[in-house]
Amino acid sequence: MDFDDNQKLINSLISGEEKAYIYLLEKYHRQLNAYALTLTHEQAVAQDIVQNVFLKTWRSRKKLNPQFSIRNFLYKCVYNEFLNHYQKNKAVVLLNEKYIEYTHEVAEEIDDNIIEKMMDIVNKEIQKLPPKCQRVFILSKKEGLTNNEISDYLNISIKTVEAQITKAFSILKTKLGEKYETILFMVFGYNIGKLKGGSLHR
């Protein structure tokens, strides 16, 4: 079965084919987790959100529409699950609504293959960052540690952590150019236009 075909994939899910569900997990779990992390900035919460989305998708699979993009559906579900989580915890007031909405719109507009290719290039540039800068960046943006946690773990000051993250984004922006700002924003939470004087959305 060609699960790369959106309609065939959804029809297979509706039929209850486990192979289709496994394909869905393998293809979208990492992307959705990265997206959820840009919304929550908490790895554990992001993982819970994505897990809930996949479980609900499977349980409600018979309601899926083969004419709609499964990818867009999953991203919308993550976004809605994120809002539900914070509404339950009465923390909606803490959200930067424009930032959240823009991230959601960006996620829907970028093609899967383009994301994969762009991420490959971004990851190669991350590997070229200065060692200390690279380590702090990965702990922050890939492992999901807070600045305080990184400070304790590496035994460096919080200001040093912030400086290294800012430096990493500055290098990546210079190396990759403006067309990669969207992917940096969507996956790593880089706030476009805010990287000035050490200001960084975190």
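At what angle do helix 1 (residues 6-14) and helix 2 (residues 18-40) pack?

1. This is a predicted model, in which local features need pLDDT of at least 70, side-chain atom pairs count only at pLDDT 80 or more, and totals for chains, interfaces and linings use all residues. Residues are numbered from 1 along each chain as its sequence is written, and side-chain values use heavy atoms, with hydrogens and water left out.

2. The angle between helix 1 and helix 2 is about 125°, and their axes lie 7 Å apart. Axes are lines fitted to C-alpha atoms, for helices over the stretch in contact, and angles run from 0 to 180 degrees between N-to-C directions. The two helices are therefore oblique to each other (angles under 35 degrees count as roughly parallel, over 145 as roughly antiparallel, 65 to 115 as roughly perpendicular and the rest as oblique).

3. On the helix 1 side, Leu9, Ser12 and Leu13 meet Ala20, Tyr21, Tyr23 and Leu24 of helix 2. Six residues of this contact are nonpolar, one is polar and none is charged. Contact means heavy atoms within 4.5 Å; Ala, Val, Leu, Ile, Met, Phe, Trp, Tyr, Cys and Pro count as nonpolar, Asp, Glu, Lys and Arg as charged, and the others, Gly among them, as polar.

4. The chain has 10 helices and zero strands. Helices (H or I, at least four residues) and strands (E, at least two) are DSSP runs, numbered from the N terminus.

5. Of the chain's 202 residues, 46% are buried, meaning under 20% relative accessible area (1.4 Å probe, protein chains only). Among contacts with a separation of 6 or more, 67% join residues 24 or more positions apart.

Methods: Buried < 20%, exposed > 50% of the residue type's maximum accessible area, 1.4 Å probe, protein only.
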